[in-house]
Amino acid sequence: MRIETSWGTPLLDPLLRRTLPAIILAGILAARFFPFEAMPPLCPLRRITGIPCLGCGGTRSWVEMAHLHIIDAFVQSPLGAVCFLTALAMTGYLMGRSMGWLPALRIQSSKREGVWLRAALIALLALHWLYLIISGVAT
């Protein structure tokens with residue numbers, strides 16, 4: 001796996017580069033201030049079958065992260081908590097990139113590495129789903 005950097009080329013379209021951090025921050029602020037706890041569960045898979053989907057608990061996880069309850073967020077949905085942290089990191093990166101403080105990054109992997117990365121991602125998603133089913137926190 002190889003990571004290349006370049007300072008001259010923009011990472012994203014200029015409009016997207018300016019609006020994406022605002023959209024992500026709006027989502028984080030919504031998670032912090034909107035009363036999601038008062039809403040009924042919206043997952044149709046869980047409502048029909050009783051089995052949580054991969055995203056079940058994600059909203060509660062974001063709400064917990066926005067309130068700085070990090071352990072509770074990972075208990076609710078490890079995938080949701082990781083997505084929240086990724087969104088924060090991407091927001092910081094895009095803001096730094098649009099200010100010219102950070103270089104554009106390009107990650108290149110071989111076909112073999114790509115296969116292993118996809119297999120690892122599928123295994124992690126399966127483990128996450130199994131966690132949601134066994135733990136029952138997404139119910």
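1. Ala, Val, Leu, Ile, Met, Phe, Trp, Tyr, Cys and Pro count as nonpolar, Asp, Glu, Lys and Arg as charged, and the others, Gly among them, as polar. By these classes, the lining of the second largest pocket holds 7 nonpolar residues, 1 polar and no charged.

2. The model is predicted, with local features needing pLDDT of at least 70 and side-chain atom pairs pLDDT 80 or more, while totals for chains, interfaces and linings use all residues. Residues are numbered from 1 along each chain as its sequence is written, and side-chain values use heavy atoms, without hydrogens and water.

3. The second largest pocket is lined by P78, L79, V82, C83, L121, L124, L125 and H128. A pocket is an open set of points on a 1 Å grid over the protein atoms alone, where a 1.4 Å probe fits, with protein on both sides within 12 Å along at least five of seven lines; lining residues have an atom within 4 Å of a point. Helices α5 (78-98) and α6 (111-135) each supply at least two of the lining residues; helices are DSSP runs of H or I, at least four residues, numbered from the N terminus.

4. The largest pocket has 17 lining residues, with F36, P40, P41, T59 and R60 nearest its centre. Its lining comprises 9 nonpolar, 4 polar and 4 charged residues, and α3 gives the most, with 5 residues.

5. In the contact of α1 with α3 (heavy atoms within 4.5 Å), G27, I28, A31 and R32 of α1 meet W62, V63 and A66 of α3. These residues divide into 5 nonpolar, 1 polar and 1 charged.
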